[in-house]
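Dear colleague,

I am passing on the structure below, followed by notes on what came out of going through it. Please read the notes with the coordinates open beside them.

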Amino acid sequence: MRLRRPRVARCRFPLLAAGLAATVLAAAPAAGQAGLSHIENAVPVPRGMVRLSATPSWARWDSRFTGSGSETEPLGAALSAEQLGTAEIPALTTLESALKHLTGDPSFRLSLGYASAYSSVRAVVTPISLEYGVTRWLSLGVTVPIVQRHRELVLDIAATGDSAGNVGPTAAGIDPQVYVQAAQLAAEIDAATMALVRRISECAAQPATPGCEAINADPSGAAAAAAEGARVAASVRYVYGTSASDPGIGLVPLTGFTAAIAQRLQALNASYATYLGGTPIPTQTPPRGAAGAVAAGDLRALGRRGAAGIGPDSLGRLSTIGIGDVEVGARLLLWDTRPARLLGDTTSRDGARLRVLLGALARFGTGEPAVEGEMFAVGAGDGQNDAEGSIAIDMETGTRIGATVVGRYTAQFGEVDATRMPDDRGNLSPFGPTGVGTRKLGNVLALDVSPRVWLAPSLYVAGHYGLRSRADDSYRFPLDPLADPMPPVLAEPPALPAAATAGGYTEQRAGIGVTYSTVALWERGKVRVPIEVSYSHLETFSGSSALVPRAGRDQIQLRLYYRLLR
């Protein structure tokens, strides 16, 4: 069945068209679902016909942009270091502070050893769309994406030699005496500290009391000794643990540091004895140290317990599959100058064409968002609802040259839970400061341009350029930072601001594709059922933030038409 071919441009239902145009132009840019690009055009669904589309795509990356143009770095750089420590894993700041008190060395630097990491990510997204042409100018549709994600992170930590660290896994699991020794030592320090605090109070009230001479001579020194004793006792509990139900951090100093800790305990006992006399701390033997250095499995165990600031599945391989964010939308053919001849036929001068299609859709947060804390996690959705407006323009010159331009504006609604935020260059490190808050996703503007050249009436090749710009996300962290319960006498990891904006970026991609389409033949009645098949390859070549991966993507689109109504 042939469609009528009006020779003049027409705009149907101008009030409805103006309303949709206002929606498109007023919407702010937004992120939304990690949507595919260069799959839309201004080809409407004919009245009474159903169009079924499937667009599987395969994206993969093992590096990301550094935030300065086209420079990139491997994903594994976040975990690679000559000496992996608190600079890479700020969540271990408390452990480093505790070890400074235990060793008496204020310059002590925690090290897990030389670390080398490699990571790669692969995402397979298959949106399946069903559209129906209500009239020649209006179609309705629904899209259900299937999202498969695979992430691999291999971490190697040197356990021997000069590159080894200075801490290792606790031996409490095979020697319960570690807990017994630590609990006894912490209790003795606590008792001595309380005795000194009481003596300081008594001497302040009655300076002539016997035994107050040393305290009266140096009251600030006595107070400093009591404060340091409290820190050492808290450090013993935090590092070694006191029972299976209170196991400590799980990382303890290597055996070589036992002597330094013993000297520290002896010095603390001597300081207490100056003000209390006798032997205030009877036991001055530190608990058993680690027999070996940290390995990747130990860091994975910390992740499972949440003690290293990373999720339990960060290290190793992780594969998931599920439904992404479902979309429901409408497309309005606003303008169409229909040629009298077949597209790509250069034998006639009457072939110029301009076609404009407006679109509006609602995207629902049905997809599972990325898990914060998992290294390089990829979500099936963003966890909240979006509204998107688009405009697609197809232009043909009457020769073998044409182009498609598509602009999209997405407004994102609501807020999602947030426990961390990216730094100044966009690095969303799972080892960074954590908190309990919310995030309002920034809006996004996207522009896709595809010039094309026909090789035959049903076959053309196209170049692709895409620009995606996302505004900053808005973060609020009104609650206390997330962390393991820690004594206030130990230094805490850096905290997040109460409110901030971050995470905006601009990315650019380019590629090439080929399309076979019999839609033009169908319009002339040459074929009974139109079909469209296309293949595109795209590469991201620029990113203004470390949130932008250096990704390559291949995508195939298949469109089938079926007439329901004659």
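The structure, which is a predicted model, holds one disulfide, and this bond joins Cys-203 to Cys-212 with an S to S distance of 1.9 Å. The torsion about the S-S bond of Cys-203 and Cys-212 is about -85 degrees, so the disulfide is left-handed. Both Cys-203 and Cys-212 are buried, and Cys-203 belongs to the buried residues of helix H3.

As for the chain as a whole, its secondary structure comes to eight helices and 22 strands. Of its 566 residues, 49% are buried, and when contacts between residues at least 6 apart in sequence are considered, 77% of them join residues at least 24 apart.

Helix H3 has 29 residues, and the distance from its first C-alpha to its last is 42 Å, close to the 42 Å expected at 1.5 Å a residue. Besides Cys-203, its buried residues include Val-178, Tyr-179, Ala-182, Leu-185, Glu-188 and Leu-196, and the buried residues of H3 pack against H4, H5 and H6. Val-180 also lies in H3, but with a relative accessible area of 43% this residue is partly exposed. The C-alpha atoms of Val-180 and Tyr-240 are separated by 10.0 Å, although the two residues are 60 apart along the chain.

Helix H6, which runs over residues 258-276, has 19 residues that should span 27 Å at 1.5 Å a residue, and its end C-alpha atoms, 26 Å apart, agree with that. The buried residues of H6 are Ile-261, Ala-262, Arg-264, Leu-265, Leu-268, Asn-269, Tyr-272 and Tyr-275. They cover an arc of only 160 degrees around the axis, which puts them on the same side of H6. What covers the buried residues of H6 includes helix H2 (93-103), helix H3 (177-205), helix H4 (213-217), helix H5 (219-240) and strand S8 (251-253). Just after H6, Gly-277 takes a positive phi of about 80 degrees.

Turning to the strands, Val-405 has its place in strand S13, residues 401-412, and at 24% relative accessibility Val-405 counts as partly exposed. If residues up to four places away in sequence are not counted, Val-405 touches Ile-391, Ala-392, Ile-393, Met-395, Leu-447, Asp-448 and Val-449.

Technical notes. Residues numbered from 1 in each chain as written. Predicted model: local features only at pLDDT ≥ 70, side-chain atom pairs only at ≥ 80, totals over all residues. Heavy atoms only, no water. Helix = DSSP H or I, 4+ residues; strand = E, 2+ residues; numbered from the N terminus. Expected span 1.5 Å × (residues − 1). Buried < 20%, exposed > 50% of the residue type's maximum accessible area, 1.4 Å probe, protein only. Arc of directions from axis to C-beta. Contact = heavy atoms within 4.5 Å. Disulfide = S-S within 2.5 Å.
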